[in-house]
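Subject: Structure handover

Hello,

Here is the structure I promised you. Please open it first, then read my notes below with the model on screen.

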Amino acid sequence: MTMIAVGGSVGAGLFIGSGTVINAAGPAAVLSYTLAGALVLLTLRALGEMVVARPASGSFSDYARMALGPRAGFCIGWLYWWMYAVLVAAESVAGAAILAQWVAAPGWLLSLGLLVAMTAANLVSVRVFGETESLFSMVKIATIVVFLILGVLFALGLLPASDGASAANLWSHGGFAPNGWTAVFAATVAVLFSFGGVEIVTIAAGESDEPAAAVARATTSVLWRIALFYIASIAVIVTVLPWNDTDVLASPFVTVMETVGVPAAPLVMQIVVFIAVLSVLNAALYTSSRMLHVLTRQGDAPASLAKVSRRGVPARAILLGTVVGYASVVANYLWPETVFPFLVASIGAILLVLFITIVTSQLVMGTRMRREEPRRLTLPMWGFPYLTWVALAGMAALLVAMAFLPEQRTPLAATLGSVAVALVAYELRVRLGARPVSDRPLDLGRGPTVPGR
């Protein structure tokens, strides 16, 4: 469970996308990651309180259903499925782009090959998914640990390749926040989306032996992961290198490793980034299928998709998620400048909508449980309700900020379009669904391994 949480929270966005954040905020990018990390930590703790107090296999979809009504549960469940279904396509395209540097084959064929391989891994059993994700996570963790050790030694002037301590890079090139504090806040918007995946642990809990205990351990350990993997990594980058170095924008981790004298640094990091892409692709296939399985059990999706294989895998739900991936790969081949970028934009702010829904649900459920069932609160939210309100205000501020940032307006508009589609779909489900809508959660059992529960 811990390795799944790690795998979900450390993707290619850290290894590559951090360069864009540093270019926008300068050394103060450390504060952007710290602020976004704090909001994510509060959100995950709020989710952890609900998971441990009221275990439900639908996780945040069920908590939205209980706290805010069946419309909220339906919409956030389908939006979450859509986000990961599109991520399946996006990661397969990204993986193919890396693979194309080593294999002479068309991009669409490489994307198809990655999709088929990872789909097969997910269809075998949940154990294969867990072991595969654990292996990917260990590679990423080992890379970051080595990166941090070498980076700190170089910054202190203790490596042969260094000319002395390099801490002056934090203020020598226009100051700590060279582009102003507005840029630091704007960068926080982009940073937040790189934390997507930490919530996967509450989905995977349904197939663990001790779901509540597993979630409690994973959610409480997220603090050191965020501090180590993100904040410390960014601090090393802006200390070792001038923030405005053009190579930092392109690939900050590669540039640091070349600077400290690591042999074949570009090839090593290409392999690590490729593994990170496979990790996210693997997790996206798993997560989209499990959320769809929950929706089928609530009557919010066709019942035929609930069927599981002899190994307890929701094969039809997995395959439906890959259909979106295959269609997106074709769209990227036929209309690379239009359809595929729009699909990716349509999920641009769904993670923020998800976090706002989680925090709002905990505010409602937390108040209710403290009044009616305080004995259930064995993993309480810190400083309730004040820190819950802080998290909600911070997320709402970031959502509003997207409307004022030119590069974020298209993702915001496309995401709002996705929300509108989900709301219309709910009205159709109320009128045409075979079963009435439900505001009750699903029991937390062994996930899809229990057919028909």
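Which residues form a nonpolar patch on the surface? They are Trp108, Leu109, Leu112, Val116, Val330, Tyr333, Leu334 and Trp335, with about 780 Å² of accessible area together.

First, some ground rules. This is a predicted model: local features need pLDDT of at least 70, side-chain atom pairs count only at pLDDT 80 or more, and totals for chains, interfaces and linings use all residues. Residues are numbered from 1 along each chain as its sequence is written, and side-chain values use heavy atoms, with hydrogens and water left out.

**The patch**

Patches are made of residues with over 30% relative accessible area and no salt bridge; like charges are joined within 9 Å, and nonpolar side chains (Val, Leu, Ile, Met, Phe, Trp, Tyr) within 5 Å. Accessible areas come from the Shrake-Rupley method with a 1.4 Å probe, and for residues only the protein chains shown count as cover. Two helices, α6 (107–124) and α15 (315–334), each supply at least two residues of the patch. Helices (H or I, at least four residues) and strands (E, at least two) are DSSP runs, numbered from the N terminus. Helix α6 gives the most to the patch, with four residues. Val330 is in helix α15. Val330 is partly exposed, at 44% relative accessible area. Buried means under 20% relative accessible area, exposed means over 50%, and partly exposed is in between (1.4 Å probe, protein chains only).

**The largest pocket**

How is a pocket found? On a 1 Å grid over the protein atoms alone, a pocket is an open set of points with protein on both sides within 12 Å along at least five of seven lines; a cavity is a set where a 1.4 Å probe fits but cannot get out, and lining residues have an atom within 4 Å of a point. The largest pocket has a volume of about 1300 Å³. Of its 41 lining residues, the closest to the centre are Gly13, Leu87, Glu91, Phe193 and Ser194. A volume is the space filled by probe spheres set on the points, which are joined across faces, edges and corners.

Several helices each supply at least two lining residues, including α2 (12–25), α5 (70–99), α8 (181–194) and α14 (265–297). Helix α2 gives the most, with nine residues. By class, the lining has 26 nonpolar, 13 polar and two charged residues. Here Ala, Val, Leu, Ile, Met, Phe, Trp, Tyr, Cys and Pro count as nonpolar, Asp, Glu, Lys and Arg as charged, and the others, Gly among them, as polar.

**Salt bridges**

How many salt bridges does the structure hold? It holds nine. A salt bridge is a side-chain nitrogen of Lys or Arg within 4 Å of a carboxyl oxygen of Asp or Glu.

Start with Asp300 and Arg65. Their closest N and O atoms are 2.8 Å apart. Asp300 lies in the loop between α14 and α15 and Arg65 in helix α4 (residues 60–68), so the pair ties together parts that are 235 residues apart in sequence. Asp300 and Arg65 are both buried. They belong to a network of salt bridges that links Asp62, Arg65, Asp300 and Arg429.

Now look at two other pairs. Glu372 and Arg371 meet at 3.5 Å, N to O. Arg371 is exposed, with a relative accessible area of 56%. Arg376 and Glu373 meet at 2.9 Å, N to O. Arg376 is partly exposed at 26%, and Glu373 is partly exposed at 21%.

**Backbone details**

Most residues other than glycine have a negative phi, and most peptide bonds are trans. Ala264 is not a glycine, yet its phi is positive, about 55°. Ala264 lies in the loop between α13 and α14. The peptide bond from Phe384 to Pro385 is cis, with omega near 0°. Pro385 is in the loop between α17 (350–372) and α18 (386–402).

Is helix α13 (residues 252–260) mostly covered or mostly open? Mostly covered: seven of its nine residues are buried. Among them are Phe253, Val256 and Met257. Gly261 follows α13, with a positive phi near 95°.

Ile200, in helix α9 (residues 200–204), is buried at 1% relative accessible area. Ile200 and Ala284 are 84 residues apart in sequence and 9.2 Å apart in space, C-alpha to C-alpha.

Best wishes
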